[in-house]
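Work through the exercises below with the coordinates open. Each task is followed by its solution.

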Amino acid sequence: MNVDDGNTLATPPVVREEPAREEGLLLPGTIVRRISPARSAAVAARVGIVLGAAIAVCFVTGLLSHWIQHPPDWFRWPANPPWLYRVTQGAHVISGVMAIPLLIVKLWSVFPRLFARPLIGNPLRLLERGSIAVLVGSTIFQLATGLFNIAQFYPWRFFFTSTHYAMAYVALGALAVHLAVKLPVIRTALSRPPADRRDATNDSRVSRRGVLGAALAAAGVAGIAVAGQSVPWLRWVSVLAPRTGEGPQGLPVNRTATEAGVDGRVRGDAYRLTVSVGTTERGFSRAELERLPQTSAVLPLACVEGWSASAHWSGVRLRDLLAAAGGYPGGDVAFHSLEQGGLYSHTLLPTTHVVDDRTLVALRLNGEELSLDHGYPCRLIAPNRPGVLQTKWLSRIEVRA
Ligand SMILES: Nc1nc2c(c(=O)[nH]1)N[C@H]1C(S)=C(S)[C@@H](COP(=O)(O)O)O[C@H]1N2
Ligand SMILES: [Mo]
């Protein structure tokens, strides 16, 4: 049967003329005879190219997102263009979701080969099989945990981001070995047209072209089904997008004030935003912040989970606030939230963003006073930053001079 290298175009009756192929699999002959000719290297290699492209986009955009959140010394992420992270992280989630149907078709097309003789064999074959096991396992892990994460469903005990990040390297390594080992097979498979005899006859079983078409269509549908959470004009068709782009004040809320343990008491007169520059320290009430010069900016909130939405923000430009508090000598600026503990209760803002005109301590959102869930009394909003770094319910801003 033509399940290994795609160089036969056999139909079931023809199989009996090719007993050698049947013997290649550790499966009963009755099953082997029924294996669809579309389960071929021709299909596997072609789906593999599209799957590989989706995984490459997913890997690069994921790596970027990781570096932005945990910057190595050499890494600089610009404040311009302000929508860049929205695009890269949207692409991360969309490409990951598109990879799911592609991976399923790829596994379907090579499945009979898992029963190929010998099961283990020589060291090269061991490497081939081992790399496939690791590759399939790590890819399924990445796609499943990523999918659960965008649905904010965490049915596991490990910490998602660090595990997802580490596993990406495992998958990449296994993919490199897999490609190297399979290169000859891939080249043969790609040098032939994907059509089999079934395409030209009236055979009722699915053809290779049919499988390829279905794989691409499924990937397209899956991509569109989630794209609406980052692409506004796709919102109405994106039935699977976990976020619709809606919420109070026209913007989704990731974590509510109640969930973060921040309550309405912040509305009281006692609230102060403490701004410290070196050893000077100054407290600003919400009314005092409102009396400082107000600046507006249209900036997207782009969550690591892939959803994003543009909004109209206004408040005090960070540069102006620092000037009012004693000046900005340079360096990273630390932001702390009223939220106690939690990973997102503090962040470091690099100089590029500190000096940007559009970086605000926001007081208003889409023409209204910032709601408690969006970060009242005030929140950080800076261009081209992951949502997770746009700290809500600010209590303290610190310049370590
Ligand atoms: N203090 C604090 N700030 C936070 C968070 C948080 O959990 N705590 N969540 C962040 C995340 S993950 C996102 S995407 C944005 C969402 O802002 P929104 O709820 O106003 O849409 O806020 C960020 N700021
Ligand atoms: Mo987020």
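**Exercise 1: one side chain and its surroundings**

Task: list the residues that Thr145 touches, leaving out those up to four places away in sequence, and then describe its polar contacts.

Solution. Step 1: with contact taken as heavy atoms within 4.5 Å, Thr145 touches Trp156, Phe158, Phe160 and His164. The model is predicted, so local features need pLDDT of at least 70 and side-chain atom pairs pLDDT 80 or more, while totals for chains, interfaces and linings use all residues. Residues are numbered from 1 along each chain, and side-chain values use heavy atoms, without hydrogens and water.

Step 1: a polar contact is a pair of N or O atoms within 3.5 Å, one able to donate a hydrogen and the other to accept it; residues adjacent in sequence count only if both atoms are side-chain atoms. The side chains of Thr145 and His164 make such a contact at 3.2 Å. A polar atom of the Thr145 side chain also lies 2.8 Å from the backbone oxygen of Phe141.

Step 2: Thr145 has a relative accessible area of 5%, so it is buried (under 20%, 1.4 Å probe, protein chains only).

**Exercise 2: a helix length check**

Solution. Step 4: the buried residues of H9 include Arg208, Val211 and Leu212.

Key: Chains lettered and ligands numbered in written order. Buried < 20%, exposed > 50% of the residue type's maximum accessible area, 1.4 Å probe, protein only. Helix = DSSP H or I, 4+ residues; strand = E, 2+ residues; numbered from the N terminus.
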